[in-house]
Amino acid sequence: MIKIKINDKELKVAEGTTVLQAALANKIDIPYFCYHKKLSIAGNCRMCLVNIKGQNKPVISCRERVKEGMEVDTKSTEVKKMQQGVLEFVLKNHPLDCPICDQSGECDLQDNYFKFSKFPSRLEDKKIRKPKAKPLGPLVTLDDERCILCTRCVRFCDEVAGTHELCITQRGGHSELTTYPGKPLTNAYSLCTVDVCPVGALTSTDFRFKKRVWFLKTTPSICTGCATGCNIKMDWDDAQVYRYRPRENEAVNQVWMCDEGRLSYKFINENRLFDPLIKKNGEFVKVEWKEAMRESAAILGDTPVASSVIGVLSAQASCEENSALKKFLETLFPKAEFFWTKKEVKNPSHDKFLIDADKNPNSAFLSLLGVGPLEGGPLAKGAIYIILDNLTGKQREALVASKPKKVILFTSNFGDVPLEGGTSPLMWADIILPKPTFAEQEGTFINRQGMTQKAKKAFEPKGHAREIGKVLEELWTTLSPR
Ligand code: SF4
Ligand code: SF4
Ligand code: FES
């Protein structure tokens, strides 16, 4: 550690850090745009200018390393004038379309202007016009007039994604961000460019104009798109999830996440099961929970303790949901067998960075339980099944081939095809009980590194969905005197 002074305040800071990092670590506000802690230092925006005693001109604090005895000034009248000057330049051709800009409310340019400038424009000429709403790839839209040429997005593609799609062309005020000819922004992490863009130049095509950010509530959660378990901020309002953003966790995902995982929120909003269903005369009928519980208790209550009962755990479900079912069946039916199911994906995406080919968030927990896959059989004929999540492909075939006596299924969604009369893909079940998604209840997941991570509850369960633990507890009370 070495000693420096910032604004006459003596501080101990780590050797090798920059003046900007030292200031930020000590809650001293220096405005900046092009600096990003996970990218190389570009030093092109000049927003972070400070004065350092003994130096005859201002320096950019994002590149200047601290030295023993250094005295830094970040807030004198002279420094403030420099900050205002830089902001005036940055804003010279800026369209100032904050009222229709998606970044409004979380924009560094807006924030820095209000904190460090508030000067009206003195421009008398017409502003330079540039392309607006230009798709850079399938998921990212560029408003070039809003771009402040900080190159964070270019550096992300070069240094993190390693795909080099973006570049700045032209010169001076006419400079434009664009993709190389024939090379659209299609890398698997392209939406991270939206995260690093400090202004509203890059926006998510999926999220654009869906919601003003100040209406969103944020819940710390975990992406359930694959076994990596990237830490996320879940942004939602009125029981609808609008977007995921990466939440910093150096040990898991640093500050990044993949596009596929980022867009995996949609199942929380769509195709949801809100009420219990019971199969009557070959068709599902919506029923009250009371009736569903009575029917479920009748199936389990009529089953001799020694007969075949199978619990199907799920790598999509949380540790709590899996443990609740396992404990319930083990206690009621000591000979109950257990299998697991996982989400099956043909040709799953994967890479050496974050994306795992296993598209299940909790496979590691199931390995700890030491049970085998459902399709690995052999399955007892005519068993009673209680299943924790939708079955697809080989898993469903294995179940149907075992000619089950009765199937009780917990699920939050109808599956790939919406329910319509007798043609539902869920017809292999007899009773379907609606459960909340991980956004509507607290849950724990164990990722591929063996790290136990918590997804917090964002909002109340949708429709009449009920937590598995509570449903099993009620069934237990009905059945336990046996
Ligand atoms: S689009 Fe955003 S991140 Fe990229 S250079 Fe422009 S302002 Fe910077
Ligand atoms: S790498 Fe996996 S956990 Fe991370 S964002 Fe992508 S899908 Fe989600
Ligand atoms: S943040 Fe220092 S020059 Fe841009």
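1. Conventions. Residues are numbered from 1 along each chain as its sequence is written, while chains are lettered from A and ligands numbered from 1 in the order in which they are written. Because the model is predicted, local features need pLDDT of at least 70 and side-chain atom pairs count only at pLDDT 80 or more, whereas totals for chains, interfaces and linings use all residues.

2. Domains. The chain is divided into domain 1 (2-91), domain 2 (127-269) and domain 3 (277-479), with bounds that come from an automatic or database domain assignment. The C-alpha centres of domain 2 and domain 3 lie 34 Å apart, and 25 residues of domain 2 are in contact with 24 residues of domain 3 (contact means C-beta atoms, placed from the backbone, within 7 Å). On the side of domain 2 that touches domain 3, two or more residues each come from strand 11, strand 12 and helix 7 (266-269), and strand 11 gives the largest share, 4 residues.

3. Helix pair. The axes of helix 2 (residues 77-91) and helix 3 (residues 108-116) come within 10 Å and cross at roughly 140°; axes are lines fitted to C-alpha atoms, for helices over the stretch in contact, and angles run from 0 to 180 degrees between N-to-C directions. Helices (H or I, at least four residues) and strands (E, at least two) are DSSP runs, numbered from the N terminus. In this pair, Gln83, Gln84, Leu87, Val90 and Leu91 of helix 2 meet Leu109, Asn112, Tyr113 and Phe116 of helix 3.

4. Three strands form an open sheet in the order 11-12-13, with antiparallel pairing (strands pair if DSSP finds at least two bridges between them). Strand 11 (217-222) and strand 13 (240-246) are at the edges with a single partner strand each, so one side of each has no neighbour in the sheet. Strand 12 (residues 231-237) is joined to strand 13 by 6 bridges, and Ile232 stands opposite Pro246 in strand 13.

5. Ligand shells. Around ligand 1 there are 13 residues, of which Cys147, Cys150, Cys153, Cys197 and Ala201 come nearest; a residue is near a molecule if its C-beta atom, placed from the backbone, lies within 6 Å of it. Ligand 2 is surrounded by 14 residues, the closest being Cys223, Gly225, Cys226, Cys230 and Gly261, and its shell draws at least three residues from each of domain 2 and domain 3.

Key:
Contact = placed C-beta atoms within 7 Å.
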